[in-house]
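I set out to record how the strands pair and where the nonpolar side chains gather. The entries follow in the order in which I looked things up.

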Amino acid sequence: MAVTVDVVVLTIRDDELQVLLVERGVEPFRGALALPGGFIGPDEDAEPAARRELAEETALDRGGLYLEQLRTFAAPARDPRGRVVTVAYLAIAPDLPVPVGGSDARAARWQPVWSVLSGHVKLAFDHLGIVEYGVDRARSKLEYTTLATAFCPEVFTMTELRRVYEVVWGVSIDARNFHRKVTNAADFLEPTGERRVLETGRPAALYRRGPARTLFPPMLRGAFPPVPLADSGA
């Protein structure tokens with residue numbers, strides 16, 4: 001039995017939630033799109049292997065990424081090469097650059113999440129299910145943790161943070177209601193004392209992530225009405 005790692009890398013680009021995909025340069029599924037990943041070395045732990053594969057196949061920096069283990073996928077027929085178990089990871093970072101293919105990936109690119117979940121873009125292996133699991137984990141954790149700040153740069157405005165929730169959840173959020181909920185959550189954000197001049201000419205307060213890792217009270221999706229995602233066909 002062999003063990004691999006696969007990484008669901010999410011970021012917000014062009015005001016859309018996007019996932020990182022690679023074009024496979026080797027069989028099986030040569031030429032098909034898949035998640036970045038590969039086999040764990042004999043003297044390697046799973047998380048270092050995930051970071052290494054991400055760097056080798058996409059040239060993304062191993063550091064600076066929020067990374068957490070999702071779950072193990074071990075269906076007997078998930079890989080035509082034989083019995084292969086994969087440990088899946090979720091990675092998040094703000095404004096990631098255009099990836100570059102390398103190693104056994106011929107190319108790498110960002111793809112809107114809606115196009116994968118809707119079936120418009122087909123993935124190799126069981127990677128659609130892994131993407132579904134990773135996106136659902138991210139959406140759920142926005143409710144009860146401070147994970148939303150992982151999509152933001154080091155300092156950000158309240159509007160930029162609100163847009164993370166809107167893009168990831170596919171909802172429309174009232175700005176005043178959002179501001180009240182965020183500021184009532186203990187240690188969620190820390191004001192920097194600085195402001196950024198916006199296109200409207202009105203300066204916006206800047207914040208950074210606070211020490212809290214869980215949200216109290218939580219930010220529940222059900223409190224906000226869903227809206228169709230752009231180009232999603234929803």
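Entry 1. I began with β1 and β2, which pair in the antiparallel sense over four bridges. The model is a predicted one. Within this pairing, I found Leu-10 opposite Val-19 in β2. I then examined the connection: β1 and β2 form a hairpin with two residues between them. In that turn, Asp-14 has a positive phi of about 55°.

Entry 2. I next looked up the other partners of β1. With β6, β1 pairs in the parallel sense over nine bridges, and Leu-10 stands opposite Ile-92 in β6. With strand β4 (residues 37-39), β1 runs antiparallel and is joined by three bridges. There I noted Thr-4 opposite Phe-39 in β4.

Entry 3. I turned to the nonpolar side chains. Which members of the largest nonpolar core touch the most other members? I found Leu-10, Leu-142, Leu-161 and Tyr-165, out of 45 residues in that core. The elements that each supply at least two residues of this core are β1 (2-13), β2 (16-24), β5 (66-73), β6 (84-92), α2 (113-117), α3 (127-144), α4 (158-169) and α5 (175-184). The largest share, seven residues, comes from α4. Apart from this core, I recorded another one of 17 residues, including Val-5, Val-7, Leu-54 and Leu-60.

Entry 4. Finally, I listed the contacts of Leu-161. Leaving aside residues up to four places away in sequence, Leu-161 touches Ala-148, Thr-149, Cys-152, Phe-156, Phe-178, Val-182, Phe-188 and Leu-189.

Terms used: Residues numbered from 1 in each chain as written. Predicted model: local features only at pLDDT ≥ 70, side-chain atom pairs only at ≥ 80, totals over all residues. Heavy atoms only, no water. Core = buried A, V, L, I, M, F, W, Y, C linked by side-chain atoms within 4.5 Å. Buried < 20%, exposed > 50% of the residue type's maximum accessible area, 1.4 Å probe, protein only. Contact = heavy atoms within 4.5 Å. Pairing = 2+ DSSP bridges.
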